[in-house]
Structures are given as C-alpha cells and as structure tokens.
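User: I have a structure open and would like to go through it with you. Could you take my questions as they come?

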Amino acid sequence: MNPQSTVTLHTGNKMPVVGLGTWQLTKDTAGTVEAALKLGYRMIDTSGDYGTQPGIGEGIKRSGSDRGHIDVVTKVEETDDAYEATRKDLNELQLDYADLMLIHRPPEQGAGEDLWRGLMRAKREGLTRDIGVSNYTVELIESLTKAIEEKPVVNQIEWSPFGYSENMLQYCKANNIVVQAYSPLTRTRRLDDDILTEIARRYGKTPAQVLIRWNLQRGTVPLPKANQRKHLKEDLDLFDFEISRADMALLNELNERYSSLGELPYN
Ligand SMILES: NC(=O)c1ccc[n+]([C@@H]2O[C@H](COP(=O)([O-])OP(=O)(O)OC[C@H]3O[C@@H](n4cnc5c(N)ncnc54)[C@H](OP(=O)(O)O)[C@@H]3O)[C@@H](O)[C@H]2O)c1
C-alpha cells in the first residue's frame, strides 16, 4: 500500500485509501490544499456548508495536479434540491464534475429518496462519477435501496477505534459499500489515550498515525483534517509500518461508541 493505493467501489471506479478532510480548514484553504496535493494526497473531502469549496478549487489549480488523479468528494444538505445543489457545489469548486456526491445527512422524514433521485440525475448527466450517503444507519440505507435500486458507494460516518460499529462494517462489506471515516482523529480528543500512546510508541509512530493506519488495515477510508503542514505530512506517512494483529485487537477493544458530536449516528 502507498498514498496512490485505491479501493474499488461497486461501480468499478476507484477511490484513494485516504483523503484530506476540510471542515474548518478555512485558514488558507487554497495554500493547504495545494500543499496537500504536492505531498501526495489524492482525495479532498468537503461540503457545500464548509466554506472551503472555492479555496479547494483554487488549491487544485495552483498545484497543477491532473484532475483525473484527484478525487473530490462533496455533499448536499438534507433540505436541498440535490441536483441544483450539486451544480452550485461544482460552481464553487470551479470543477466540471465531482468524484463523489453525498447526502450529508438523512432528512427528518424518510430515507432521502428525492435527494437520491437528484444525485442520480447529476450522475447521469456526468456531474459526478459516484453517489453515496453520510450519517446513515443500516436501516436507512436498506430503505433507500429498497425504494430505489441504486446503492450508495459510500457511507461517510464518524469512525475511530474509540467509536465504530462491527455491525455497520459487516453490513457495508457484505453490500460493497465503503465506510469513509470522518473525525478519524477524534478531533484530537483521544490522542493521549494510554493504550493508543503505548501502541504508537512501539512502532515509532504518533497516536494520530496509528488511528489513521487502523482504518487502512480494516478497509475503511479515513479523512483526517489538518491545517498544520507538519500534521499534513505526518498523516500521510503511514505506509512504512504495519500494526500487528495483536495490536489491532487492542485498538478494536477501545470502542466505547465515542463521538465528538455527542452520539454516533448509527448502530
Ligand atoms: N459527513 C459528515 O457529517 C462529517 C462530519 C465531520 C467531519 N467530516 C469530514 O471528516 C473530516 C475529518 O474530521 P474532523 O475535522 O472532524 O476531525 P479529525 O480529522 O478527527 O481531527 C482534526 C484535528 O486533528 C488535528 N490533527 C491532524 N493531524 C494531526 C496529527 N498528526 N497530530 C495531532 N493532531 C492532528 C488537526 O489539527 P490542525 O488542523 O491544527 O492541523 C485538527 O485539530 C472533516 O474535516 C470533514 O471533511 C464529515
């Protein structure tokens, strides 16, 4: 595995094994994205409501990266007209297409069938290569795919050794849906955990690197956010070590359904 490694989605498209999160990455977004792409990041995650889309578009341009070598993931809100919101996101990003458009969170009623139809139209028209969901439970994914046959390629959810679900992972694996892990660093709140710190010390790595690497070894796709250059670099320096089975088991046991938002949005 290396920064260019990919996972294959059920549509046959490929997605990088790690991406850069950009929530609150509003300080010099363009400069940070440019630096990230030059360091080797191949996927950027954003949303219409992060305020980072214009800077991401600018950063991609400045980096001189080939558009075909970068994945851009963005989202529509549950109250949006999904098709129109996709066009607005692309306009802000200054891009012709996204690689992945997500429903940011399920609406209050139903499973988001209208939103899904809007994203399917965007996909048919070439505005996005793939479509997926975020913050969905297994039950909501089931009812969405029962109503409309097209399955999401991704469920983007809060996910770390401190808060995850075997049940969700098994369901997604069985259905060829990739779990994208948001807040994989617990927004730094568990980086000083004793067991995590001890495991990191064994590999000569930092707790953040162990949290990100845990995802790679479980087949989930982490989206760490970093403003600071040293963090950007560190969070991609993951490919020269492997966490042993025993240490993976110790990390798996840290699960306390921790959520930096208060509650995990799935079982
Ligand atoms: N779909 C959704 O509903 C949803 C919800 C939340 C997040 N997300 C996505 O997931 C991304 C990541 O989640 P997040 O931003 O909530 O939190 P996160 O990635 O868990 O944590 C970000 C924090 O970790 C710090 N950090 C980064 N690398 C570090 C390192 N090597 N050592 C120590 N600290 C480090 C960052 O500091 P600096 O910035 O100072 O470098 C920042 O304070 C978001 O940016 C967003 O793209 C999606």
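Predicted model: local features only at pLDDT ≥ 70, side-chain atom pairs only at ≥ 80, totals over all residues.

User: How many bridges join β4 to β5?

Analyst: There are 3 bridges between β4 and β5, and the two strands run parallel. In that pairing, I44 has V72 of β5 as its bridge partner.

User: And β6 with β7, over how many bridges do they pair?

Analyst: Strand β6 (residues 98–103) pairs with strand β7 (residues 128–134) over 5 bridges, in the parallel sense. A98 stands opposite T128 of β7.

User: Back to β5. Why is it described as largely enclosed?

Analyst: Of its 6 residues, 6 are buried, so β5 is largely enclosed by the rest of the structure.

User: Which residues of β5 point which way?

Analyst: D71, V73 and K75 point one way from β5, while V72, T74 and V76 point the other way. Both sets are buried.

User: Changing topic: the ligand. Which residues come nearest?

Analyst: There are 28 residues around the ligand, and D45, R187, K225, H231 and D235 come nearest.

User: What polar distances can you give me there?

Analyst: An N or O atom in the side chain of D45 is 2.6 Å from an oxygen atom of the ligand. For W23 the backbone is involved: one of its N or O atoms lies 2.8 Å from a ligand oxygen atom. The side chain of Y50 has an N or O atom 3.4 Å from a nitrogen atom of the ligand.

User: How much of the ligand does the protein bury?

Analyst: The protein buries 88% of the 920 Å² that the ligand exposes when taken alone.

User: Now helix α2. Which of its residues are buried?

Analyst: In α2 (residues 53–63), the buried residues are Q53, G55, I56, G57, G59, I60 and S63.

User: What covers them?

Analyst: The cover over the buried residues of α2 includes the helices α1 (29–39) and α3 (82–93), together with the strands β4 (43–45) and β5 (71–76).

User: How many residues are in the largest nonpolar core?

Analyst: That core has 84 residues, and M15, W116, W159 and L251 have the most contacts inside it. Helix α8 (residues 207–218) contributes the largest share, 6 residues. As background, nonpolar side chains in soluble globular proteins tend to be buried together.

User: What does L251 touch?

Analyst: Residues up to four places away in sequence aside, L251 touches P161, L196, I199, V210, W214 and I243.

User: What about M120, buried or exposed?

Analyst: M120 counts as buried, because its relative accessibility of 16% falls under the 20% limit. M120 is placed in helix α4 (residues 113–124). Not counting residues up to four places away in sequence, M120 touches I131, I148 and E150. L211 is 91 residues from M120 in sequence, with the two 34 Å apart in space, C-alpha to C-alpha.

User: And K14, where is it found?

Analyst: K14 is found in strand β2 (residues 14–16). K14 is partly exposed, with a relative accessible area of 47%.

User: What is K14 in contact with?

Analyst: Leaving aside its neighbours within four places in sequence, K14 is in contact with T6, V7, T8, D71 and R129. The C-alpha atoms of K14 and D71 are 9.3 Å apart in space, although the two are 57 residues apart in sequence.

User: What joins the side chains of K14 and T8?

Analyst: A polar contact of 3.2 Å joins them.

User: Last one: where does T8 lie, and what else is it in contact with?

Analyst: T8 lies in strand β1 (residues 6–8). Leaving aside its neighbours within four places in sequence, T8 is in contact with N13 as well as K14. Between the C-alpha atoms of T8 and Y83, which are 75 residues apart along the chain, the separation is 25 Å.

Terms used. Residues numbered from 1 in each chain as written. Heavy atoms only, no water. Core = buried A, V, L, I, M, F, W, Y, C linked by side-chain atoms within 4.5 Å. Buried < 20%, exposed > 50% of the residue type's maximum accessible area, 1.4 Å probe, protein only. Helix = DSSP H or I, 4+ residues; strand = E, 2+ residues; numbered from the N terminus. Contact = heavy atoms within 4.5 Å. Near = heavy atom within 4 Å. Polar contact = N/O pair within 3.5 Å; in protein donor to acceptor, adjacent residues only side chain to side chain. Areas by Shrake-Rupley, 256 points an atom, 1.4 Å probe, with all protein chains shown as cover. Pairing = 2+ DSSP bridges.
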